[in-house]
Amino acid sequence: MTGDTRFISINGRPVKTPIVLASMAGITDADYVLERSQHAGVAFIGGYNTDEASRKASAQMQSGGRPEFDADFNEIATEIAMLNGTDIILGLNLRGAAPEGFVAAAKRFGNSVIYEIDAHCRQQPMIDAGCGEYLMHNPEKLCGIVSALAKEGVTISVKIRSGVVDDRNLAKMLWKAGAHILHVDLMDTGYTKVRQIRNVCPLIIIANNSVTNTDRMMDYFSHGADLVSLARGANLPNLQTLDRYIRATAEEVGWYNAPKQLCRGGDVRSLTFCCMPVKQCPLLPALETFKLSREEYLSLKQSSTKETMLAEGSHTCFGSLAFCCKSTTPCMFRDMTLKSINLPKNDYMALKRTLSEKIVAHIFKNA
Ligand SMILES: Cc1cc2nc3c(=O)[nH]c(=O)nc-3n(C[C@H](O)[C@H](O)[C@H](O)COP(=O)(O)O)c2cc1C
Ligand code: SF4
Ligand code: SF4
């Protein structure tokens with residue numbers, strides 16, 4: 001597995017590790033990122049204010065004792081320059097009430113950074129200014145900002161808090177408006193929310209909140225997260241533990257965020273491990289949910305694996321590894337096939353990942 005395929009690419013660059021530094025106003029700047037850059041792949045600096053409304057709200061919050069940034073575009077440019085040449089993929093977490101400020105940032109900084117719209121802040125002055133969480137309650141305004149940024153051809157992330165509105169609807173709206181990344185503070189909702197969002201859109205998902213141990217990180221990854229982010233717990237020991245663990249998992253398993261089997265609570269990606277649709281099991285209702293007929297599912301798996309090693313496996317249950325289970329499910333027949341074709345288990349899982357990407361792309365093509 002190469003660095004390009006081990007994890008995921010964002011803003012045109014492969015991430016070195018799927019660990020993200022989340023923004024904290026007044027705290028997360030270039031110096032903060034540099035101190036942690038060894039164990040993070042992506043960082044969102046800010047939040048920065050893009051217009052009068054957010055600047056006023058921020059000043060009010062600062063006078064109430066909160067740390068805040070008061071940086072103009074020139075100062076933000078200095079922060080960006082400090083991270084040039086590092087292997088951190090950089091994003092700006094931006095507050096604002098209208099598209100203009102975001103678009104002005106995109107015109108100034110171009111494709112060098114990701115533009116993250118802060119629809120997360122629930123401080124009252126920010127909400128009263130029509131920024132932060134106000135945008136989640138007014139999704140047409142939020143989508144207006146997304147589509148204005150999309151016209152600039154930049155990579156767009158939206159930072160939201162789950163459980164505030166209907167997350168599935170919002171995720172679909174943001175995807176259709178042109179967003180690329182959904183950065184979700186899961187609060188107390190946990191990994192079930194990740195799976196719900198994973199099942200309705202093909203956006204890159206960053207799972208956030210209390211990712212301070214490997215169990216929680218893996219819960220998010222195995223239910224659909226592409227990356228995890230940390231704010232309050234982003235100290236070096238935590239980052240190092242998570243980074244080392246996920247790098248080792250990527251090598252050992254071959255698919256760092258492999259889903260669970262569908263019948264064990266897996267998300268849309270787990271169709272890659274599913275059998276032929278021949279019995280009453282969670283596959284049939286799942287195919288209905290994803291608007292995939294049995295025939296389409298069969299031919300999609302067969303055509304996507306034709307002339308790959310997953311087409312092998314005449315001694316397996318369904319005559320092809322395309323319908324075989326996850327590597328962690330013990331199976332003598334699959335393992336004998338893998339041995340006979342000299343395919344290590346981690347390479348098998350990497351091929352299953354590619355198959356899952358094709359299935360997911362097909363499902364969301366016309367959704
Ligand atoms: C002091 C502080 C400032 C924050 N400022 C921002 C911000 O400007 N924009 C934003 O989207 N989230 C902001 N957040 C939210 C964090 O990015 C993150 O979503 C939240 O703290 C939960 O993640 P954690 O459990 O890893 O801390 C802030 C959080 C803290 C603690
Ligand atoms: S098809 Fe197989 S793997 Fe998928 S849900 Fe049914 S029993 Fe589980
Ligand atoms: S052969 Fe083994 S791995 Fe393949 S479908 Fe049957 S039980 Fe699953």
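Student: What makes up the shell around ligand 1, by class?

Tutor: In this predicted model, the shell around ligand 1 has seven nonpolar, nine polar and four charged residues. Gly is counted among the polar residues under the classification used. Of the 20 residues around ligand 1, those that come nearest are Ala22, Ala25, Gly47, Ala231 and Arg232.

Student: How do you know which residues are around ligand 2?

Tutor: The criterion is a C-beta atom, placed from the backbone, within 6 Å of the molecule. The residues that surround ligand 2 are Gln261, Leu262, Cys263, Phe273, Cys274, Cys275, Cys281, Pro282 and Leu283.

Student: Why are eight residues of the shell around ligand 2 called nonpolar?

Tutor: Leu, Phe, Cys and Pro all count as nonpolar. The shell therefore has eight nonpolar residues and one polar residue, with no charged residues.

Student: What makes up the shell around ligand 3, by class?

Tutor: Seven nonpolar residues, one polar and one charged form that shell. Its members are Cys275, Thr316, Cys317, Phe323, Cys324, Cys325, Cys331, Phe333 and Arg334.

Student: How do you know what span is expected of helix α16?

Tutor: The expected span is 1.5 Å times one less than the number of residues. Helix α16, residues 345-365, has 21 residues, and the expected value is 30 Å. From the first C-alpha to the last, α16 reaches 30 Å, close to that expectation.

Student: Which residues of α16 are called buried, and what do they pack against?

Tutor: A residue is buried if 20 or more other C-beta atoms lie within 10 Å of its own. In α16 the buried residues are Tyr348, Met349, Ala350, Lys352, Leu355, Ser356, Ile359 and Ile363. They pack against α12 (236-253), α14 (294-305) and α15 (332-340).

Student: Why is strand β8 described as mostly covered?

Tutor: Five of the five residues of β8, residues 181-185, are buried, so each meets the cut-off of 20 or more C-beta atoms within 10 Å. Ile181, His183 and Asp185 point one way, Leu182 and Val184 point the other way, and all are buried.

Student: What strands form the closed barrel?

Tutor: The barrel has eight strands, running β3-β4-β5-β6-β7-β8-β9-β10 with parallel pairing. From one strand to the next, the twist averages 25°.

How values were computed:
Residues numbered from 1 in each chain as written. Chains lettered and ligands numbered in written order. Predicted model: local features only at pLDDT ≥ 70, side-chain atom pairs only at ≥ 80, totals over all residues. Helix = DSSP H or I, 4+ residues; strand = E, 2+ residues; numbered from the N terminus. Buried ≥ 20, exposed ≤ 12 C-beta atoms within 10 Å, placed from the backbone. Contact = placed C-beta atoms within 7 Å. Pairing = 2+ DSSP bridges. Axes fitted to C-alpha atoms, helices over the stretch in contact; angles between N-to-C directions.
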